[in-house]
Amino acid sequence: MNRRTFLKRLSAVPAFAGLGSLLARLAGASVPAAFRRVRPSDAAWPSPAKWKELERQVGGRLAPVTSPLAPCTSAPASPACTARLEELKNPYFIADQAGGTQLAGWLDAWTSAPSAYAVPAQSAEDVAAAVNFARDNRLRLVVKGGGHSYLGNSNAPDSLLVWTRAMDRIELHDGFVPRGCREAPVPAVTAGAGARWVALYDAVTTKAGRYVQGGGCCTVGVVGLVAGGGFGSFSKTYGMAAASLLEAEIVTADGQVRLVNACSNPDLFWALKGGGGGTFGVVTKITLATHELTELFGAVSGRIQARSDAAFRRLIAEFFRHYSKTLYNSHWGEQMAFGADNALDVHMVVAGLSDDAAEAAWNPFRAFVASAPADFEVVRPIKVSTTAARHWWDYEWRRQHSPDSMVTDPRPGAPASNVWWKDNSGEVNAFLYGYESLWLPATLLKDPDRLADAVFAASRHSQVEFHFNKGLSGAAPDRIAAARETSVNPAVLEAFALVIIATGKAHANPGVAGHAPDPVKGKQDAAAISAAADALRAIAPDAGSYSNESNYFDKNFRRTYWGPSYPRLRAVKDRYDPTGLFFVHNGVGSEDWSADGFTRTAGA
């Protein structure tokens with residue numbers, strides 16, 4: 001809950017890794033430097049007969065793709081367009097459109113655009129047929145499950161889309177052992193690539209009384225989140241989603257369906273644990289370990305307004321002192337936001353503490369605020385509320401006890417389980433103006449005054465959010481050890497929080513009169529975000545970034561996303577996809593391609 005509230009404001013590497021990468025690339029040198037994928041306007045575009053053959057191979061499910069905004073293209077003032085724009089406020093409606101993406105785009109970066117054709121896959125064999133067709137016909141291939149990619153990686157014009165939405169089967173295991181391994185059985189859950197986290201939470205937590213580490217946003221797809229590392233509201237307690245990955249089924253560029261785990265294709269398995277979605281193949285299902293569920297989850301909210309700049313600076317410093325002493329542990333997650341209006345907003349969660357213990361944890365900070373009424377106004381008191389953890393995603397329970405916390409899919413006949421957090425509504429069909437994320441090292445907590453100076457300076461430009469659940473420093477040692485076996489930037493292990501600075505316009509669509517983004521404001525906001533991030537980089541110059549939530553224009557993505565893991569990831573990419581069939585923006589190997597993924601750059 002409250003995973004991304006910004007729109008409410010609207011493994012050691014072997015010394016020979018470089019040589020291995022070079023040899024792998026030479027082995028796959030069948031693609032010349034000037035290689036270019038084909039578009040529908042090219043003579044080499046597949047003939048109708050070829051498309052018909054693909055359609056036969058996938059059981060007749062090949063279909064041309066249209067934009068969900070089609071009713072608005074020619075008549076933006078029409079009733080049909082008005083109705084469609086209302087439908088686009090529903091993440092489940094968007095997810096049911098082959099050409100739909102949860103974001104409408106990003107200023108000067110990308111705009112949601114439909115593929116030429118889509119294969120609504122129902123099996124790994126369907127996926128393999130699409131992969132083989134794209135490879136053999138030099139097509140741009142796109143993979144979409146949940147469609148939540150901030151960087152626009154689940155859509156591309158003139159492409160063939162592998163759409164895994166229908167592959168949403170979920171299966172619980174009392175004891176799971178990865179194929180070919182001799183490990184002790186562990187409780188687990190297997191989910192198809194089209195499954196969403198709310199469905200896993202319903203099956204694992206609400207119904208089975210256990211926990212699976214996933215995302216905070218209910219409608220995010222399971223595979224994309226895990227592929228980037230995967231943080232949720234309670235990651236300080238349960239670790240990264242990628243660290244719970246036991247096994248995956250994946251279709252690689254050669255069209256082979258592979259089962260990968262720690263004992264079979266371990267290099268590819270490691271890469272899938274944080275190396276980025278849509279990069280190494282099409283993952284068709286994953287199996288994740290489940291964990292013992294704590295008795296209680298809770299939410300903390302409040303708002304404190306400082307009456308002057310000096311008072312706000314003191315408030316920030318005192319909060320980080322308090323955080324370091326009381327909240328810097330495995331129980332606490334989610335957010336604090338520091339605004340340009342000198343307000344501190346609390347949107348945190350707590351796991352495994354009683355109501356009394358959670359309340360007591362905030363008493364020293366409450367006392368500090370209360371001691372200076374001339375400096376601080378309590379706009380909303382800091383309030384803690386806990387509930388049985390089993391009810392956290394229980395939509396039936398919430399309809400009775402917390403009806404304002406979730407929104408239900410309003411379409412006639414929609415499943416009762418189609419719900420999302422109300423606080424995520426502003427992200428649906430939103431258009432980004434700018435976005436930055438930085439992992440801040442826990443060493444900064446040793447000097448809260450210096451940290452406060454930087455946060456205050458950053459907040460002069462834009463609201464700054466600290467997502468404490470997205471940094472693993474302070475988590476239990478076993479969770480950190482498990483995360484160390486993933487392919488994400490090891491900086492996350494030393495980070496106490498991920499800072500996110502972002503803005504955009506809710507329910508905005510380029511080209512639709514009266515509903516389009518504002519490019520002038522967008523450029524101003526983007527500049528402010530950059531300035532705010534620079535203020536924090538002054539005290540954390542080597543800060544990494546979270547690939548699933550990051551800056552589209554990050555030219556140093558190989559270092560910020562993966563750090564020392566990148567050479568090894570590149571070697572895996574070159575082994576399993578030597579011709580670069582799978583391209584995503586700022587993905588492993590993307591440096592070899594033009595920005596649109598159609599042309600292999602000279603010398604690559």
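Reader: Let's start with H467. Which strand is H467 found in?

Author: H467 sits in strand β21, which covers residues 464–467. Keep in mind that this is a predicted model.

Reader: OK. Is H467 buried or exposed?

Author: Buried, because its relative accessibility is 0% and the cut-off for buried is under 20%.

Reader: And what does the side chain of H467 make a polar contact with?

Author: With the side chain of E465, at 2.9 Å.

Reader: Switching to helices. At what angle do α14 and α17 pack?

Author: At about 170°, and their axes are 8 Å apart. Helix α14 is residues 448–459, and helix α17 is residues 519–537.

Reader: So are they roughly parallel or antiparallel to each other?

Author: Roughly antiparallel, since angles over 145 degrees count that way.

Reader: Which residues in α14 and α17 meet?

Author: From α14 you have A454, V455, A457 and A458, and they meet A532, A535 and L536 of α17. Sorted by class, that contact has 7 nonpolar residues, with no polar and no charged ones.

Reader: What about I539, where does that lie?

Author: I539 is in the loop between α17 and α18, the latter being residues 557–562. I539 counts as buried because its relative accessibility is 13%.

Reader: What does I539 touch, leaving out residues up to four places away in sequence?

Author: L444, R450, L451 and A454. A454 is also one of the α14 residues that meet α17.

Reader: How far apart are I539 and P441?

Author: In sequence they're 98 residues apart, while in space it's 9.8 Å from C-alpha to C-alpha.

Reader: Let's jump to α4. Which residues are buried there?

Author: In α4, residues 79–87, the buried ones are C81, R84 and L85. They span an arc of only 100° around the axis, so they lie on the same side of the helix.

Reader: What's exposed on the other side of α4?

Author: P79 and T82 are exposed there.

Reader: And what covers the buried residues of α4?

Author: The cover includes α3 (70–73) and α5 (91–95).

Reader: How many of the residues in α7 are buried?

Author: 9 of its 11, so helix α7, residues 197–207, is mostly covered. Among the buried ones are W197, Y201, D202 and T206.

Reader: What follows α7?

Author: G209 comes after it, with a positive phi near 75°.

Reader: What's the relative accessible area of D158?

Author: It's 24%, so D158 is partly exposed.

Notes. Residues numbered from 1 in each chain as written. Predicted model: local features only at pLDDT ≥ 70, side-chain atom pairs only at ≥ 80, totals over all residues. Heavy atoms only, no water. Axes fitted to C-alpha atoms, helices over the stretch in contact; angles between N-to-C directions. Helix = DSSP H or I, 4+ residues; strand = E, 2+ residues; numbered from the N terminus. Parallel < 35°, antiparallel > 145°, perpendicular 65-115°, else oblique. Contact = heavy atoms within 4.5 Å. Nonpolar A, V, L, I, M, F, W, Y, C, P; charged D, E, K, R; others polar. Buried < 20%, exposed > 50% of the residue type's maximum accessible area, 1.4 Å probe, protein only. Polar contact = N/O pair within 3.5 Å; in protein donor to acceptor, adjacent residues only side chain to side chain. Arc of directions from axis to C-beta.
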